[in-house]
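Here is a short briefing to read alongside the model on your screen. Take a moment with the structure, then follow the points below topic by topic.

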Amino acid sequence: MRRIYAIAVNTFRETIRDRVLGVIVLFALGMIIASLWLASISLNQQARMMKDFGLVAVTFFGLVVAVFVAASLVHKEVEKRTVFVLFSKPVGRTEFIWGKFLGLAATMLVVLAGMGLFLFLLTLVVAKQASGWLLVATALIYLQLLVVMAVTVFFSTVSSAILASVLGISVFVAGQLSHNVLSLSRLGNGVVLKAASWIVYVLIPNLSAVDIKPTVVGEASASWASIAAWGGYLVAYIVVVVLAASWVFRRKEF
Amino acid sequence: MLKRSVSVLVALACVAGVVVYQAHAGTKPAPAAGDPNVFVPSAKFYTDFSPSFRTSIADAYWLQMIQYYGEHWKTDQRFDALPAMVDLVTTLSPRFKQAYFFSAFALIDANRPDLSYHYLLAGYKANPTDWHFPFYLGFFAWTYASNKDRQHVAIVAADFYSQAAKLPGALPSVARLAAALLAKGGEKQKAIETWAAIYGQGDKYSQQKAIAALDALLPQGKQERVTVVTALRDLMPASQYSRFVSAIFRGYQ
């Protein structure tokens, strides 16, 4: 546990040194400009637009950081051979993967918290309509991005950084469409096709089961039970994928 | 040194080129309005393929709809794609109230008052506690209905105003409109009862309006008037009723 913590802290410092937090500044500038622009073109719907588009921006800024940092994290260590120095010490490969993942998760927490809080304060100051649901939505986006990060770390243990990035983004897109795979499995007549579709449906992370944006903009009321169930599902998915990444990494020959 | 100077000069020339090009492009007259027949995907497409971003897509199309309306309103006055845009925005975001209100008036410019009415009804169904929807429905029914039977139209509009008046936040004038339209529609007894209820619940101005309207609607003969006014006792608190009676019989012996 101490070794995982040490690797996680180092990973956190390393990614922060890579100026990942600059994303928060970029997001803040983008949101300030967008809020001024939306005030003039949205026909008195500035608050709604700021919240909705703000959350979309949080998702995509976070996705870029999560995918590109996660893809290079393990790969960089192998490429630069620093991993050999690390493995000459009493550090297991599983501990290495978990440490790397948790370090990056901590970085993402800082990035998402920065963007979420800024969005909350901006809507409070500019549109005078901040909603606590904005922070809940940001927390759920964080969980979704952890899933994408875990999958990207998994792919980075078996492929190049670029391929892992592409696959990570593909999984994010597929995760938004997972319910369509289920519909396909219901359409098919053959048992094999149905079974195959169902397996794909289970394998792809379900990133669209709960959409909290309608609640944030006052469209619908969210159910805490479904949020909790979905949150639990995402955490379980993350654990499974990181364990799979560790298993693959343990068998990897350098 | 020379190499450095050349580099600086090249860089400055490039910057100047970029600025001059953009400045020149900005002086061109604003482009004419685009084709009014723009492609608008169905709402089902987005709900199937992007359920997590449904409201965000609705918001993006809301911005596009405003731009589209403004652009064509200033130029060719053609709004061919407007109904499809309204349908997309309100299907993806059924409780986006402003979209319904804006669309109701914009669709009048597109010569589709039937759709204005249709989307206001849909908005009312999705937002049953917002008094603005029945209020606008009453207004649209009264102003734009193609039905030549004005008495029937007045009753339909009055029904919407009555519904609006019962919802939280409704202005006191909404109930007065309902009562006035009931009288226009020939529903004299309903109009009398509505005005009496307005007197019982309304502010001082509403009470003055109610007395004036009732004075015209109630029978002029004292005995007949007493009979009708007695039947209105349950529509207002007892304390109000005695003041109401003295106001309505002012000038009678």
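In which loop of chain A is the place of A:L43? A:L43 sits in the loop between α2 (22–41) and α3 (46–79) of chain A. Please keep in mind that this is a predicted model, with an ipTM of 0.82 and a pTM of 0.80.

**Chain A overall**

- Chain A has 11 helices and zero strands, and its elements run α-α-α-α-α-α-α-α-α-α-α from the N terminus on.
- The C-alpha trace of chain A spans about 60 × 55 × 30 Å along its principal axes.
- Of the 254 residues in chain A, 41% are buried.
- If you look at contacts in chain A between residues at least 6 apart in sequence, 79% of them join residues at least 24 apart.

**The nonpolar cores**

- In soluble globular proteins, nonpolar side chains tend to be buried together.
- Here the largest nonpolar core has 66 residues, and those with the most contacts inside it are A:M108, A:M149, A:A150 and A:V153.
- In chain A, α1 (2–17), α2, α3, α5 (93–127), α6 (133–158), α7 (161–176) and α11 (224–251) each supply at least two residues of this core.
- The largest share of this core comes from α6(A), with 16 residues.
- Which residues does A:M108 touch, leaving out those up to four places away in sequence? They are A:G62, A:V65, A:A66, A:Y142, A:L145, A:L146 and A:M149.
- Apart from this core lies another, of 65 residues, with B:A104, B:A141, B:A178 and B:F244 among them.

**Where chain B meets chain A**

- The contact takes 21 residues from chain A and 17 residues from chain B.
- On the side of chain B that touches chain A, α2 (43–49), α3 (54–74) and α5 (97–109) of chain B each supply at least two residues.
- The largest share of that side of chain B, seven residues, comes from α3(B).
- By residue type, the side of chain B that touches chain A divides into seven nonpolar, six polar and four charged residues.

**Two helices of chain B to compare by eye**

- Start with α1(B), which has 26 residues and reaches 37 Å from its first C-alpha to its last, close to the 38 Å expected at 1.5 Å a residue.
- How many of the 26 residues of α1(B) are buried? The number is zero, so α1(B) lies largely in the open.
- B:A11 lies in this helix, α1 (residues 2–27) of chain B, and counts as exposed because there are 10 C-beta neighbours inside 10 Å.
- B:A11 and B:Y199 are 188 residues apart in sequence and 79 Å apart in space, C-alpha to C-alpha.
- Now turn to α4(B), where the buried residues are B:L82, B:M85, B:V86, B:L88, B:V89, B:T90 and B:L92.
- Those buried residues of α4(B) pack against α2, α3, α5 and α6 (113–126) of chain B.
- B:A84 is also in helix α4 of chain B, but this residue is partly exposed, with 18 other C-beta atoms within 10 Å.
- The C-alpha atoms of B:A84 and B:A238 are separated by 54 Å, and the two residues are 154 residues apart along the chain.

- Most residues other than glycine have a negative phi.
- For A:L43, phi is near 55°, a positive value in a residue other than glycine.
- A:L43 counts as partly exposed because there are 17 C-beta neighbours inside 10 Å.
- For B:Q77, phi is likewise positive, near 55°, and its place is in the loop between α3 and α4 (82–92) of chain B.
- Is B:Q77 buried or exposed? With 12 C-beta neighbours inside 10 Å, B:Q77 counts as exposed.

**Confidence in chain B**

- The mean pLDDT of chain B is 87, and 98% of its residues reach 70 or more.
- Within chain B, confidence is highest in α4(B), at 94, and lowest in helix α10 (residues 188–201), at a mean of 84.
- Where pLDDT is low, the predicted coordinates should not be read in detail.

Definitions and conventions: Residues numbered from 1 in each chain as written. Chains lettered and ligands numbered in written order. Predicted model: local features only at pLDDT ≥ 70, side-chain atom pairs only at ≥ 80, totals over all residues. Contact = placed C-beta atoms within 7 Å. Helix = DSSP H or I, 4+ residues; strand = E, 2+ residues; numbered from the N terminus. Nonpolar A, V, L, I, M, F, W, Y, C, P; charged D, E, K, R; others polar. Buried ≥ 20, exposed ≤ 12 C-beta atoms within 10 Å, placed from the backbone. Core = buried A, V, L, I, M, F, W, Y, C linked by C-beta atoms within 7 Å. pLDDT = per-residue confidence, 0-100. Expected span 1.5 Å × (residues − 1).
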